[in-house]
Amino acid sequence: MSSNSSSRPLLRPALTALALSVLAAAPAAQAQSSDADREYRDAVAKCQAQPQRSTRYVVVDAARMRSLPRADGGAVTSVPIGAEVLVQCLLGDWVRATSERPNPSVGWIRADLLGPRAPTAASLEQDYRRAAGAERRTVAERAIALSPFSRASHQLLIDALQADGDNAAARAAIERRERMTAPKVERLAGEPRLLFGVDHGYLTAIARIDGRGRYAEATTGDDTYPVWRGFHFYRHGAGDGLVQVIERGEEVGLGLEAKVRHPPATERDEKLAGLASNETLGTGAARVEAKLSADERRAVERELRAMLTGKRLDRAAIDKALRPYDEEQRAGLRVNAVVLAGGQRLLVATADAAVPPKRADQADTVLDAVLVLEATGKQYRNAGSIGDETGGDMIETHSFHDALDLDGDGEAELIFRLHQYEGSSYQIWTRQSGQWKPVYAGGYTGA
């Protein structure tokens, strides 16, 4: 006690000084903010007084859009080469404009970074042939920015560097060409075996897998997602080439995710979903199918109806939960068939049922249902299920993601995605003593 009490008086002068410094700095910060606001309003007024509406295109690698018409104006976004820009007005060497790429934005762009026509691979090659020396390198970099996965674009830069005798830079350009146009899976030095989820074309770390098939939270950072890094890609229980990072990992609340492409695609596909890893995972242990027989669908609905009835839900809520899944409403029944290596067929179903509130101030509540049926002919056995109420800020509902042999033991695991109030994570199920049970949850991304 004596050490704690003696330290408190020493803290008070420091805290007081800190508070005074914050108060003293506040007027200065407010003044700077006021000056910037005034400069912004004046620039917009002057520009709008002489409207010059036109359509222009970015003709450099990327044009920085700024909040004010000066070089040190705050950055709004970076508009890529070839993007259409709608000019509103002109103020000196700057234009005020809007652009839809990479996202809807409005701000100031230097007029000399724009042209009347969008550059093409053919027009840039013509510019390259007319250019010489350092200018050739500049044009070649623009060609790569426009067509980053074209070997011809990279070859322009390689030729320019070799012509200048810059052999070291030419070797680096060749390496970049191979990473971008012929990607391979890359394993970082000392990195453990990592499992990633791919959803809507974004890569998120799920877990670290040790040699004994145990799972732990993956510790990853920006260095895990360098641009152009490749990862093994799996979906529907089988290998499907690789995914490649095309935009560095971005922090999303409490997690990191990176934008990826699935070659030969050159952009993120928002429908792309599956699993990925920095190391080869077991395949052949499962095959995922979306098509079910009428008997199988009836068996799933019968079992789920019994489960939800046992939770004392009314018939209307159960009927709604068993409707085919509605993407817009993000509710309804989803069923997949998983065929295991030995021929055993699993029916994996998820459904969400709205729970009627017990009082007026109760938060929205959902009954999250998961069902795994083992099918043998026309016989079906409940081999795993969950039926939990979830709601408010703690809402958590399942959707089946994939099935794959994660630990290399020849048997498949089931992987679910957990949808939460402001984020999502993943859950891994294994079969133990004939029953499927969750053994790990992690990889949270969100607020």
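Visitor: Which residue is the bridge partner of N336 in β17?
Guide: V348 is the partner of N336 in β17. Helices (H or I, at least four residues) and strands (E, at least two) are DSSP runs, numbered from the N terminus. This is a predicted model, where local features need pLDDT of at least 70 and side-chain atom pairs count only at pLDDT 80 or more, while totals for chains, interfaces and linings use all residues. Residues are numbered from 1 along each chain as its sequence is written, and side-chain values use heavy atoms, with hydrogens and water left out.

Visitor: How many bridges join β16 to β17?
Guide: Six, and strand β16 (residues 334-340) runs antiparallel to β17. Two strands count as paired if DSSP finds at least two bridges between them. β16 and β17 form a hairpin with four residues between them, and G343 in that turn has a positive phi of about 100 degrees.

Visitor: And what about β17 and β18, how many bridges there?
Guide: 11 bridges, again antiparallel, with strand β18 covering residues 365-376. A351 has A369 as its bridge partner in β18.

Visitor: Why is β17 called largely enclosed?
Guide: Because nine of the 11 residues of strand β17 (residues 345-355) are buried. Buried means under 20% relative accessible area, exposed means over 50%, and partly exposed is in between (1.4 Å probe, protein chains only).

Visitor: New topic: β8. Are its faces covered or exposed?
Guide: Both faces of β8 are covered. L194, F196 and V198 are buried on one side, and L195, G197 and D199 on the other. Six of the six residues of strand β8 (residues 194-199) are buried, so the rest of the structure largely encloses it.

Visitor: Which strands does β8 pair with?
Guide: β8 pairs with strand β9 (residues 202-209) over six bridges, antiparallel. β8 also pairs with strand β14 (residues 274-277) in the antiparallel sense, over four bridges. D199 stands opposite Y202 in β9, and L195 has S277 as its bridge partner in β14.

Visitor: What is in the turn between β8 and β9?
Guide: Two residues lie between these hairpin strands, and H200 in the turn has a positive phi of about 55 degrees.

Visitor: What lines the largest pocket?
Guide: 50 residues, with Y325, E327, R334, S399 and H419 nearest its centre. Strand β20 (residues 396-404) gives the most to this lining, with five residues.

Visitor: And the second largest pocket, what is its volume?
Guide: About 1,000 Å³. It is lined by 27 residues, and P80, R101, A145, I246 and E247 are the closest to its centre. α3 gives the most to that lining, with four residues.

Visitor: Last one: which residues form the disulfide?
Guide: C47 and C89, with their sulfur atoms 1.8 Å apart; a disulfide is a pair of cysteine sulfur atoms within 2.5 Å. The pair links distant parts of the chain, with C47 in helix α1 (residues 2-48) and C89 in strand β4 (residues 84-91), 42 residues apart. Both C47 and C89 are buried.

Conventions: 1 Å grid on protein atoms, 1.4 Å probe; cavity = no way out; pocket = protein on both sides within 12 Å on 5 of 7 lines; lining within 4 Å. Points joined across faces, edges and corners; volume = space filled by probe spheres on them.
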